[in-house]
Amino acid sequence: MREKWECDKSNNDSRFQYACALSRSCGVHAEDDKKQAVDHFMYLVHNGIFVRDSLFNLALTEYSLADYEKARNHCEDLYRQDPDNKQVSYWEVVLLRYDYC
């Protein structure tokens, strides 16, 4: 994925796929990879590209980084765009548990 994105950094589909791959990283560099994925997803959201999918993946990635407030904020942003999204409703319930921790 990385090579594909680095060959054509203007290709937003490659950027999204690369960010998804980074967000699923595990091992020694997982935290750094996930932070890099957050940057890519944020770029896409701010530029109006793959907004729904990027917001959802942002929420999941922030959750995996234990930043529950940011994850919940991304869920709320997504919910405002797509109030019927069942996945967002589920994740908001999960994330609400962290209000009291």
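This is a predicted model: local features need pLDDT of at least 70, side-chain atom pairs count only at pLDDT 80 or more; totals for chains, interfaces and linings use all residues.
1. **Overall make-up.** The protein has 6 helices and 0 strands. Along the sequence the pattern reads α-α-α-α-α-α. Of its 101 residues, 40% count as buried. Take the contacts between residues at least 6 apart in sequence: 41% of them join residues at least 24 apart.

2. **Aromatic pairs.** The count comes to 3 aromatic pairs. One of them is formed by Phe16 and Phe41. Their ring centres are 5.9 Å apart, with 65° between the planes. That makes the pair edge-to-face, because plane angles over 60 degrees fall in that class.

3. **What Phe16 and Phe41 join.** Phe16 lies in helix α2 (residues 12-23), and Phe41 lies in helix α3 (residues 30-46). The pair therefore ties together parts that are 25 residues apart in sequence. Both Phe16 and Phe41 are buried. Ring pairs also bring in Phe50, giving a cluster of Phe16, Phe41 and Phe50.

4. **The tyrosine pair.** How do the rings of Tyr63 and Tyr68 meet? Their centres are 5.3 Å apart and their planes stand at 65°, so this pair is edge-to-face. Tyr63 has a relative accessibility of 22% and counts as partly exposed. Tyr68, at 24%, is also partly exposed. Both values can be read against the cut-off: buried means under 20%.

5. **A charge over a ring.** Arg15 places its charged end over the ring of Tyr43. The distance to the ring centre is 3.8 Å.

6. **Serine 54.** Ser54 is found in helix α4 (residues 51-64). Is Ser54 buried or exposed? Its relative accessible area is 0%, so Ser54 is buried. Leaving out residues up to four places away in sequence, Ser54 touches Phe16, Phe41, Leu44, Val45 and Ile49.

7. **Length of helix α5.** Helix α5 covers residues 68-81, which is 14 residues.

8. The buried residues of α5 are Ala71, Arg72, His74, Cys75 and Leu78. Seen down the helix axis, these residues fall within an arc of 160°. They therefore line one face of α5. The face turned away from that buried side carries the exposed residues Glu69 and Arg80.

9. **Salt bridge Arg80–Asp77.** The model has 4 salt bridges. One of them joins Arg80 to Asp77, with the closest N and O atoms 2.4 Å apart. Both residues lie in α5. They are 3 residues apart, about one turn of the helix. Arg80 has a relative accessible area of 60%, so Arg80 is exposed. Asp77 is partly exposed at 30%.

10. **Salt bridge Glu31–Lys35.** Here the closest N and O atoms are 3.1 Å apart. Why are Glu31 and Lys35 separated by about one helical turn? Because they are 4 residues apart in helix α3. Glu31 has 47% relative accessibility and is partly exposed. Lys35 is partly exposed too, with a relative accessible area of 42%.

11. **Salt bridge Asp67–Lys70.** The side chains of Asp67 and Lys70 meet at 3.8 Å, N to O. Asp67 counts as partly exposed at 25% relative accessibility. Lys70 counts as partly exposed at 42%.

12. **Points to keep in view.** In the phenylalanine cluster, Phe16, Phe41 and Phe50 are linked by ring pairs. Ser54 touches residues including Phe16 and Phe41. In α5, the buried residues line one face, while Glu69 and Arg80 are exposed on the face turned away from the buried side. Arg80 also takes part in the salt bridge with Asp77.

Technical notes:
Residues are numbered from 1 along each chain as its sequence is written. Side-chain values use heavy atoms; hydrogens and water are left out. Rings of Phe, Tyr and Trp (its six-membered ring) pair if their centres lie within 6.5 Å; planes under 30 degrees apart count as stacked, over 60 as edge-to-face and the rest as tilted. Helices (H or I, at least four residues) and strands (E, at least two) are DSSP runs, numbered from the N terminus. Buried means under 20% relative accessible area, exposed over 50%, partly exposed in between (1.4 Å probe, protein chains only). A charge sits over a ring if NZ of Lys or CZ of Arg is within 6 Å of the ring centre and within 35 degrees of the ring normal. The expected span of a helix is 1.5 Å times one less than its number of residues. The arc is that of the directions from the helix axis to the C-beta atoms. Contact means heavy atoms within 4.5 Å.
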